[in-house]
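Reader: Before we look at anything, could you show me how such a model should be read, one feature at a time?
Author: Gladly; let us have it in view first.

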There are 2 protein chains.
Amino acid sequence: MVSSEVVKDLALKSETKIVLVVIDGVGGLPDPETGRTELEAAETPHLDELAHKGICGLIDPIGRGITPGSGPAHLSLFGYDPLRYKIGRGALAAMGIGFELGHQDLAARINFATIDRDGIVTDRRARRIPTERNQELCEKLRQIEIPGVEIFVEPVKEHRAVVVFRGADLSEELTDSDPQKIGLPAREVQALSPSASKAAGIVNEFITLAKDILANEKPANMILLRGFAKHPHIPTMRDIYGLRCGAIATYPMYKGISRIVGMDVLPTGPNISDQFGTLERNFNSYDFFYLHIKATDSAGEDGDFDRKAEIIREIDSQVPRLTDLNPDVIVVTGDHSTPSLLKSHSWHPVPIIIYSKWCRPDSVSAFSESECGRGSLGRFPATEVMVLALAHALRLGKYGA
Amino acid sequence: MVSSEVVKDLALKSETKIVLVVIDGVGGLPDPETGRTELEAAETPHLDELAHKGICGLIDPIGRGITPGSGPAHLSLFGYDPLRYKIGRGALAAMGIGFELGHQDLAARINFATIDRDGIVTDRRARRIPTERNQELCEKLRQIEIPGVEIFVEPVKEHRAVVVFRGADLSEELTDSDPQKIGLPAREVQALSPSASKAAGIVNEFITLAKDILANEKPANMILLRGFAKHPHIPTMRDIYGLRCGAIATYPMYKGISRIVGMDVLPTGPNISDQFGTLERNFNSYDFFYLHIKATDSAGEDGDFDRKAEIIREIDSQVPRLTDLNPDVIVVTGDHSTPSLLKSHSWHPVPIIIYSKWCRPDSVSAFSESECGRGSLGRFPATEVMVLALAHALRLGKYGA
């Protein structure tokens, strides 16, 4: 694979525009009765038209057979080697809620949880307390003071929050306190290297103090920490590609990863049509748009085949608003597959369309797993999607003479 | 990909013969009116027959989405990783005119140019002076003497020439003197590392003396230098594959790259039929032939769709002369695509045929981008072409026991 350093050297200035539509978990598996996947079951005349005019293929987000998490899958789509660049969950969570993570910051995810009298975890999510309750509890935890560090506690949603420790020499090489299973006590956080012992001490003190503060709360009488992470050292998409990038996403995690790669996160509404409206309003202000649609993945994870197909149909109905803007390159794909039959992310390759007036069309006439499998792009690593998009936008110079 | 070191270990002695026909820039884009590419518009019954009997696919010279220069694209076809082996333009240019570049030599390309009274470049090509005038000017520049180095000045064509500095410790880490744009003065050559300061001094002195010598010439009153390069350290194709290689090319650049990888450059005439005649005459003397046809690329760069198609038809008419020789393996492909619509090299993958009596034929029945896209070779990196050619020539042993 051509490295991002090589791509950076080839990047040209241009006025062309690229829109990357990520339909989260779009790939599926066929319903045993009909033999059709969610994508094949949905009526998608506009996406089929794009597939017909463009070039198609199947992408592997991480590698053949590897089921991707959302973070690495998105890094891949944005052109970063996901095996080289790793972003800890704590950093993603913090950036997802708009927290400006600095280079002295150590972030972790918090779960409000329930423990019994013996300290055994009986519910890792404290019955998914309402977000308002979460906010009140975070407010209480903010009274914790530990010498030498500044501490930020921020609610995310339901039982999920984020803690950030700011101070010198706070290593991320720490184990989680979350035991991952009920019936076990919360674990002590341990240093994975000698240089992390300072951080381990501070984090454990924080947990002890939090446990005291929450002792009489019900059901959220404990916190579990996991995913300790610092700000990743990662070049921005503007650095590498020379693109001004706008992200149109509704979920914190996807906003977080967008900020990490240097995109502006554009305010948008909760519905798919709101997201396309945001694209329309901002179309003149950016070179590259990342439009992320979450609902397909959620339906897949719920095992709801019909809802997933229905959301795909709804996305398709918005596609004319995209094509009417006449971007130079349109990419439609997913970050991974989420087959309703598996109720989870999966390793199955993901269909992709790349449309531009400079593509050499293949014989694919519909956007589906089986049709894209016959496309001229073949089956390829998702890390090459950005290079192809840039090439079709005439944004890359020649390699060598 | 299997490295050239591994291939070298597997190479067997054999009497089999391989012919690699490189139709420069053969890949195209469809004419919007007919929907057919140059290759699809051309009548190519003999190439279609080869495609029918052989196996087909699409190659990416450098990587998906990367537009290759001719140098790296050819290295790839010859089985060298183009991201690992880099050949500077100066070295290519010197070897292209048959200059025996030694390991103490530093080469650069010269443009004869025009400057005004204030030293501002007004024409980077001095109105493309005739080659005869170029030869006279090179003769004048040969009087330049600088202590500690031997200097060779050789004409190439029109306004292009080559200079080679021979001496100890001449680093290639130098900036160009060519400002690349008119309206600017020629730049001073600068050392990019401390070890290059000696070379920078010598080169700048050469330029100053040349400027004096050319002061009263019209229009070529200045030289611009670029592409400083030394002989690349690259194993020959004989070293790696055990092949005696003959190159049949008409343009200096392709002769240069052939010499760099250890081929004998065979004398040939200017026409395509001359090149096939050279192949016939030398067929018994080599194991591997590289036959390079330039005219397709030139037509593509001129945006002349019909001429490109016509040249492809002309090449096709010569194919029986090749098949009559009955080589064990015939490979027909290009180094990159040059769509007439883009008037330049492009990133589009290149169709390829590999024919041998040992191939497992696929269902492809014509040599075209779309048909090759359906071939059993799939879409693959050009660096694997040589391994496939050697395998089908029964020139590779088993890997492991």
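Predicted model: local features only at pLDDT ≥ 70, side-chain atom pairs only at ≥ 80, totals over all residues.

Author: Residues are numbered from 1 along each chain as its sequence is written, and chains are lettered from A and ligands numbered from 1 in the order in which they are written.

Reader: Into which domains is chain A divided?
Author: Domain bounds come from an automatic or database domain assignment. In chain A, domain 1 covers 4-87 + 235-392 and domain 2 covers 91-230, and their centres, taken over C-alpha atoms, are 33 Å apart.

Reader: How many residues of each domain are in contact?
Author: Two residues are in contact if their C-beta atoms, placed from the backbone, lie within 7 Å. By that criterion, nine residues of domain 1 of chain A meet eight residues of domain 2 of chain A. On the domain 1 side, helix α9 (residues 252-260) of chain A gives the most, with seven residues; helices (H or I, at least four residues) and strands (E, at least two) are DSSP runs, numbered from the N terminus. That side divides into five nonpolar, two polar and two charged residues, where Ala, Val, Leu, Ile, Met, Phe, Trp, Tyr, Cys and Pro count as nonpolar, Asp, Glu, Lys and Arg as charged, and the others, Gly among them, as polar.

Reader: In what order do the strands of the open sheet in chain A lie?
Author: Two strands pair if DSSP finds at least two bridges between them. In chain A, eight strands form an open sheet with mixed pairing, in the order β9-β8-β10-β1-β11-β12-β2-β13. Strands β9 (264-265) and β13 (378-381) of chain A stand at the edges with a single partner strand each, so one side of each has no neighbour in the sheet. Within the sheet, β2 (residues 55-60) and β12 (residues 350-356) of chain A pair in the antiparallel sense over five bridges, and A:Ile59 has A:Val350 in β12(A) as its bridge partner.

Reader: How is the packing of two helices described?
Author: One gives the angle between their axes and the distance between the axes. Axes are lines fitted to C-alpha atoms, for helices over the stretch in contact, and angles run from 0 to 180 degrees between N-to-C directions. Helix α3 (residues 45-53) and helix α12 (residues 305-324) of chain B pack at about 60° with axes 7 Å apart, and are therefore oblique to each other. Angles under 35 degrees count as roughly parallel, over 145 as roughly antiparallel, 65 to 115 as roughly perpendicular and the rest as oblique. Helix α5 (residues 89-96) and helix α9 (residues 252-260) of chain B also have axes 7 Å apart, but their angle is about 100°, and these helices are therefore roughly perpendicular.

Reader: Is strand β8 (residues 222-230) of chain B mostly covered or uncovered?
Author: A residue is buried if 20 or more other C-beta atoms lie within 10 Å of its own, exposed if 12 or fewer, and partly exposed in between, with C-beta atoms placed from the backbone. Strand β8(B) is mostly covered, nine of its nine residues being buried. Strand β4 (residues 105-115) of chain B pairs with β8(B) in the antiparallel sense over seven bridges.

Reader: How many residues does each chain bring to the contact between the chains?
Author: Chain B brings 23 residues and chain A brings 19 residues. Strand β14 (residues 398-399) of chain A runs parallel to β3(B), joined by two bridges, and A:Tyr399 stands opposite B:Pro68 in β3(B).
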